[in-house]
Amino acid sequence: MNTEKDFSPLTPNIVRALNDKLYEKRKVAALEIEKLVREFVAQNNSAQIKHVVHILATEFALSQHPHSRKGGLIGLAACSIALGKDSGLYMKELIDPVLTCFNDSDSRLRYYACEALYNIVKVARVAVLPHFNVLFDGLSKLAADPDPNVKSGSELLDRLLKDIVTESNKFDLVAFVPLLRERIYSNNQYARQFIISWIHVLVSVPDINLLDYLPEILDGLFQILGDSSKEIRRMCEVVLGEFLKEIKKNPSSVKFAEMANILVIHCQVSDESKSTNDLIQLTAMTWMREFIQLAGRVVLPYSSGILTAVLPCLSYDDRKKSTKDAASPCNHSLMKLVTPEDDEDDEDLQTKTSPLSNEIPSKKEGDLNDSLNESQESVGFSNISFFTPAGSDRSAVTLDLDGIVQVLNRHLHDSSTGMMTRIAVLKWLYHLYIKTPRKMFKHTDSLFPMLLKTLSDESDEVILKDLEVLAEIASSPAGQTDISGSCENLDSKSQLHIPGGVKDGQQMVVGSKMADMSPSTPSMNSYFYKFMINLLRCFSLERKLLEMRGAFIIRQLCLLLHAENIFHSMADILLKEEDLKFASTMVQTLNTILLTSAELFQLRNQLKDLRTQESCALFCCLYRSWCHNPVATVSLCFLTQNYRHAYDLIQKFGDLEVTVDFLMEVDKLVQLIESPIFTYLRLQLLDVEHNPYLIKALYGLLMLLPQSQAFQLLSHRLSCVPNPELMRTVEDPKVPVKDKRVAQPHIDYSELLQHFDRVQSKHLEVRHQRTGRSEHPDRKLML
């Protein structure tokens, strides 16, 4: 530096001392400058003060010579000390050159800059707050300084600045938030620690309401929560916990809608290799739970995104039990928000509120979405679902039903979806069909094929929930209309077309054949028959499903829907079934359920006496389909106490093809006769005179059986039949045999026998075609 240059009012001795390499000499010069400035302050000579500050800044602090820069820094600090409370008038001139030195390559000089700024701030205190952003910017850089002395000096300055902000009520939060939002995405650990510490301070100041600006920094906080440093994660957890406490205290002032998508993003973090991501997901899920409970229907427009995040968590194992436990109440609380009001037409809602599409989003919302997009790119959330609210600014919040159904359908289609998630999806569908049936039936055609496929699930609980949904679809009054939707999504083999409002006598297409439409009862809709057709088609295509779960599914349906409707409709469909082997197997299954299941107790009682025209009609309907299986037909006659007709049928068994399977079915029938279901039948054996055809029918079965255990069982039972002479009392006149056919004029038994003959002829013809030969049936019997 040219020492001969005029630096007045600084004396040559001061100038030489400021340029000296020894700290002590520079300190002496600083004391002289402090004395000089005090005199100018006393004289109120602001021009000279500005001149001194300008010389120290431009000629020394910003000099190319390192010792001169050091002298300039200590000289500026001396000026600030001399100015005292008036230093605020020259604050920009004092701190700008010092902040410039923060970027110096010499660590010693950066340290002296920290020291100088500390002294300036200590004197000025509140007067530095208008320049807080530049100070914060400078300190955030020094927080990551590699030199420990510089870092130590910056920490002292940081603490001083925090004390000033805490004590003051003049902090400009609005001006600071944009800088905070920018710096919060720093990847440097020290910078993150610095930022978190400042947020913690600001949250604790009562006069500073940082909660209003939480949407702008929440995403960055969750980024920091994933830091590899345990200490930084702990600090971030504390800060997020403080924010959540404030949210619970003042929910009315919280901008829930602006933060919902942020939580949706971080609830979906699923990188199993990083335990920090588990912490992010757990924290976000905890926040989401509180948001749903506090905000209520405000979060409904984001429900599809929330479900995308929450549903997979429900299937987590014990390693992520905490996240699972947080996700479950989220799911339940969100479900409760859906009410029958959400089934209103969109036009009705539009009359109350203006469409969101006509609203111009604010700049703040645009900036927030931009920052979220940047955040997604920075952490590689390429597969995360991000949803735009259907109406976040509407006074009357609308349910994003289409989005919800899309999410639920996607989880049903995904083979990797866990069992608990599938159960939750089905519970959601059931809830939506209960609360919003009119709108949900618009999605039924797209959901129906997958709901049928879900019946093949490995879990009984999943099947039960699936059946509840299908039963609700089949019985909901909303299903009576708008059934004309196409079934293009159904498998071509199970495709059917059901016109709305089908009446008696009309026809419906079932695959390649026609089936008479059974009139729906008042509690059933047109989807009921569609369901029955497709259920039987599933059993036909998946014989393992019929074998393993068929009885279970049908019994549960009888509980959920009317058992009479189930059996009546299936009998109608099986009557036209072209696959006779399947029809026989299905009838055998239905017959076993009818005779043995507790769920069918009422239906068995209805069929037992055939006292009404309706019960007779049901018997005839079942009988025509039961003819696909001769033994089942006989058991139906036993159940309905049509013993003479049962005897007539058994007489025709001599003309049938007696196979091992046939004899096994007779064997099972004998076992059933010994069961509690047929207690009344066994007791009727005591009344020999009134039930001769029952005894004849049982003897007929006995003659069909080979010398087997079932033969011995039935033979022993018949040997117990008493002598009618011994059973007749003296007072009882001999009463002629009562023929139940006479008591039931609604049933044409001759026509039923003819129908049985026709069906069995078809079975025989099909079997012969399948084997390619027509030898005598007895040759097929292998014992």
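The largest nonpolar core holds 252 residues, of which Leu10, Ile199, Leu221, Phe243, Phe567 and Phe638 touch the most other members. Helix α24 (residues 526–541) supplies the largest share of this core, 10 residues. A nonpolar core here is a set of buried Ala, Val, Leu, Ile, Met, Phe, Trp, Tyr and Cys residues joined through side-chain atoms within 4.5 Å. The model is predicted: local features need pLDDT of at least 70, side-chain atom pairs count only at pLDDT 80 or more, and totals for chains, interfaces and linings use all residues. Residues are numbered from 1 along each chain as its sequence is written, and side-chain values use heavy atoms, with hydrogens and water left out.

**Overall make-up**

- The protein has 38 helices and three strands; these are DSSP runs numbered from the N terminus, helices being H or I of at least four residues and strands E of at least two.
- Of the 783 residues in the protein, 53% are buried (under 20% relative accessible area; exposed is over 50% and partly exposed in between, with a 1.4 Å probe and protein chains only).
- Among contacts (heavy atoms within 4.5 Å) between residues at least 6 apart in sequence, 75% join residues at least 24 apart.

**A core residue**

- Phenylalanine 567 is in contact with Cys558, Leu590, Ile593, Leu594, Leu600, Leu603, Leu622 and Trp626, leaving aside neighbours within four places in sequence.

**Helices α7 and α9**

- The axes of α7 (residues 132–142) and α9 (residues 173–183) come within 10 Å and cross at roughly 20°; axes are lines fitted to C-alpha atoms, for helices over the stretch in contact, with angles from 0 to 180 degrees between N-to-C directions.
- The crossing angle makes α7 roughly parallel to α9 (under 35 degrees; over 145 is roughly antiparallel, 65 to 115 roughly perpendicular and the rest oblique).
- From α7, Phe132, Asn133, Phe136, Asp137, Ser140 and Lys141 meet Ala175, Phe176, Leu179 and Arg183 of α9.
- By class, five nonpolar, two polar and three charged residues form the contact of α7 with α9; Ala, Val, Leu, Ile, Met, Phe, Trp, Tyr, Cys and Pro count as nonpolar, Asp, Glu, Lys and Arg as charged, and the others, Gly among them, as polar.

**Threonine 436**

- Threonine 436 sits in the loop between α20 (419–435) and α21 (437–440).
- Threonine 436 counts as buried because its relative accessibility is 0%.
- Not counting residues up to four places away in sequence, threonine 436 touches Val338, Thr339, Asp342, Asp343 and Leu401.

**Lysine 321**

- Lysine 321 belongs to helix α16 (residues 321–336) and is partly exposed, with a relative accessible area of 44%.
- The C-alpha atoms of lysine 321 and leucine 282 are separated by 9.7 Å, and the two residues are 39 residues apart along the chain.
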